[in-house]
Amino acid sequence: MPNSTSQTVDLTHAPDLIVRGHRVVTSGGERPAAIHIRAGSVAAITAYEDVPTGVALHDVGNSVVMPGLVDTHVHINEPGRTEWEGFSTATRAAAAGGVTTLIEMPLNSIPATTTAAAYREKLAAATGKLWVDTGFWGGVVRGNSGELRPLWESGVFGFKCFLVPSGVDEFAHVAEPDLREALPVLAELGAPLLVHAELPGPIADSSKKIVTANPRRYATWLDSRPRAAEVEAIELMLRMCREFRTRVHIVHLSASDAISRVHEAKTDGLPISVETCPHYLTFAAEEIADGATEFKCAPPIRERENREKLWEALGNGTIDFIASDHSPCPPAMKSSGTGDFLRAWGGIAGLELSLPVVWTEALSRGYAVPQLSKWLCSSPARLAGLENRKGAIAVGYDADLVIWNPDSGFLVEPSQLHQRHKISPYAGQKLSGVVETTFLRGRKIYDHGEFSPSPLGQVLRRGSV
Ligand SMILES: [Zn+2]
């Protein structure tokens, strides 16, 4: 570690800014430290007292200084469905929530990001609107295996597919024959495949049983998406992973019944990882009121007992990390008026709340801040191949920081959220953990309710980062 003397005298290497506090989270845990930032990167991390004179100093006292969050599961829907959400609103919400890097999903925009040409359209749509650094996943759909290499070479970080209908016509789901075509290509590229893991068979069987059920009841929705749909889909993906050795990532795991299969596969050394979402770790089916369609997502929020098993798997590392699955839509599509679970759009928009939601639940289960940093920052960065630049406070990394107060709390008032449509299942909840300030590559992008004068986010492309 450099000492203060050499830094004070060597003006060519003087930092532009120092952020220091008593609770700085690095890979070694939480400690008092000073983060020396130069040209947007972390130049040094020294003892708290060890700061040269004449350098701008931001002292955060007892607030936590953590790496900016990396959210690898965000639907922004622009271009094509910008009335659902958009780059500007989604990335402002991210900045306010301490998220400094997000990777956007290939579907719900039109066109879907399933060709290199569509990827270029998405980049054009994003230009000038990004408040945080943003990269993109490509899509695997039936018949586009010829597009995978051009997409990868254009800069997507990996690919996403669905094993059930995705909810939008332009993003077709795939079955085993399609996977057999795409997986060898992805294995050769070294690209990860993110999978919405539910299979249509068990869902079709369950649908027959609910035809006369009341669609306003949450149990009707829950019964329509059984745990078996997730378990069988994950079994299929594990077989495929074993055969082709493609990196497979299961998005938004809800069914705890699949955890033992994942654990065995990891023990066998298969390149598999798993995420779950804040809402699965917070809510319980037993507590969701009839008609409360703001809680609808797929796979569904399951029972309390299931939620506790997800926490256990997160604690022991079988589940790797937490991503928001920010999936907004216009209020009318949420069926807010009728409360019909079978007609409502399935998706929860909440990337701005990931940090306080997860902290609130983690705290009540005895977890500490460094664990949170692993789940929300370093592990998701690894999925996107950004582990040498994002998701940690370390020398040479981008100076992406979130400063937050773990000891204060707030009541969620949806009208205060920065996402385009203010529907939230967290409305009225008391959460712990208040985001105070967010730095992106050494520049303040959010500070106690105020944003930087203009958006400072950049497009992240694989290969150029
Ligand atoms: Zn999603």
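Predicted model: local features only at pLDDT ≥ 70, side-chain atom pairs only at ≥ 80, totals over all residues.

Residues are numbered from 1 along each chain as its sequence is written, and side-chain values use heavy atoms, with hydrogens and water left out.

**Stop 1: the sheet**

Helices (H or I, at least four residues) and strands (E, at least two) are DSSP runs, numbered from the N terminus. Two strands pair if DSSP finds at least two bridges between them. Strands of a sheet pair through backbone hydrogen bonds, either parallel or antiparallel.

Which order do the 6 strands of the open sheet have? The order is β9-β10-β11-β12-β13-β14, and the pairing is parallel. Select β9 (138-139) and β14 (321-322): these are the edge strands, and each pairs on one side only.

Next, select residues 159-162 and 193-196. These are β10 and β11, paired in the parallel sense over 4 bridges. Find Lys-160; opposite it stands Leu-194 in β11.

Touching here is contact, meaning heavy atoms within 4.5 Å.

**Stop 2: a loop glycine**

Select Gly-428, in the loop between β15 (401-411) and β16. Leaving aside neighbours within four places in sequence, Gly-428 is in contact with Leu-411 and Val-412. Gly-428 and Leu-411 are 17 residues apart along the chain, yet their C-alpha atoms are separated by 5.8 Å.

**Stop 3: backbone exceptions**

Most residues other than glycine have a negative phi, and most peptide bonds are trans.

Select Ile-110 and Pro-111: a cis peptide bond joins them, with omega about 0°. Pro-111 sits in the loop between β7 (99-104) and α3 (116-126). Go on to Ala-298 and Pro-299, where the peptide bond is also cis and omega is near -5°. Pro-299 lies in the loop between α10 (278-282) and α11 (304-316).

Select Asn-77, in the loop between β6 (69-74) and α2 (87-96). Its phi is positive, about 75°, although Asn-77 is not a glycine. Is Asn-77 buried or exposed? Asn-77 counts as buried, at 0% relative accessibility. Buried means under 20% relative accessible area, exposed over 50%, and partly exposed in between (1.4 Å probe, protein chains only).

Finish at Arg-441, in the loop between β16 (430-440) and β17 (443-447). Phi of Arg-441 is positive too, near 45°. Arg-441 is buried, with a relative accessible area of 16%.
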